[in-house]
Amino acid sequence: CFEKASVKFTPEFKSLTIVLNEAETLNSTVTNLLQLSKVTTEEGNVKHTKIDLVAFMDSLIQSYNFVNTDNNLINNSLKLQPLLISGNSNLLKTALLNLVDNACKFSSNQKVEVNLERKGKYIKLIIKDLGIGIAEKEIKKILTPFYRGKNALSIKGSGIGLSLSSKIIDLHHGSISIHSELNKGTIVTVSIPQKIA
């Protein structure tokens, strides 16, 4: 009968782990800053194609689930008819992946629901989580680069993802609205003009 070996982490190992985590955060911050700068610089040169947002989100969520196996992400839009928009698929993937990842990360992988619907001339993507929420007085600041809510400071992040997503949605003539309650969750709604087939 084998006894379970006890593993002791030395102070050096712990220090290296902290340095590695900080390096990963810095790398993520630099990458997001470069993306934000590129989006701003090339604002008039972004190429758009016809995108079915139903199929697009299905593919995005499948990819996210493959990498993040512990999440509880539910796509409620699989049976919808195609919802067409005009967009840049690479930029939209960055923007919407940021929003999905935030919902999962700030809710400790509790249930996150993704819905799509047509409202007038717009397609709405609604991401609802049951996470830590955002204080009402901070919601107006949350799309500002580097701003992070006080209750989110202990959670890994750079504070750039939301502002990058907002800029990308702006380039698609859309908008992001955020409704949130502390300790109850957040609903992020992305509105993008529909493209007539």
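Reader: What share of the residues in the protein chain is buried?

Author: Of the 197 residues in the protein chain, 39% are buried. Please note that the model is a predicted one.

Reader: And how many helices and strands are there in the chain?

Author: The protein chain has four helices and seven strands. Read from the N terminus, their order is α-β-α-β-β-α-β-β-α-β-β.

Reader: Let me turn to Ser-165. Where is Ser-165 found?

Author: Ser-165 belongs to helix H4, which spans residues 161-171.

Reader: Is Ser-165 buried or exposed, and why?

Author: Ser-165 counts as buried because its relative accessibility is 0%, and buried means under 20%.

Reader: Which residues does Ser-165 touch, not counting those up to four places away in sequence?

Author: Ser-165 touches Thr-94, Ala-95, Asn-98, Leu-99 and Ile-176. Among the residues of H3 that meet H4 are Thr-94, Ala-95, Asn-98 and Leu-99.

Reader: How do the axes of H3 and H4 cross?

Author: The axis of H3 (residues 89-105) comes within 9 Å of the axis of H4, and the two cross at roughly 140 degrees. H3 is therefore oblique to H4. Their crossing is left-handed.

Reader: Which classes of residue make up the contact of H3 with H4?

Author: The contact has 10 nonpolar, five polar and no charged residues. On the H4 side, the residues include Leu-162, Ile-168 and Ile-169.

Technical notes:
Residues are numbered from 1 along each chain as its sequence is written. This is a predicted model: local features need pLDDT of at least 70, side-chain atom pairs count only at pLDDT 80 or more; totals for chains, interfaces and linings use all residues. Side-chain values use heavy atoms; hydrogens and water are left out. Buried means under 20% relative accessible area, exposed over 50%, partly exposed in between (1.4 Å probe, protein chains only). Contact means heavy atoms within 4.5 Å. Axes are lines fitted to C-alpha atoms, for helices over the stretch in contact, and angles run from 0 to 180 degrees between N-to-C directions. Angles under 35 degrees count as roughly parallel, over 145 as roughly antiparallel, 65 to 115 as roughly perpendicular and the rest as oblique. A crossing is left-handed if the near helix is turned anticlockwise from the far one by less than a right angle, and right-handed if clockwise. Ala, Val, Leu, Ile, Met, Phe, Trp, Tyr, Cys and Pro count as nonpolar, Asp, Glu, Lys and Arg as charged, and the others, Gly among them, as polar.
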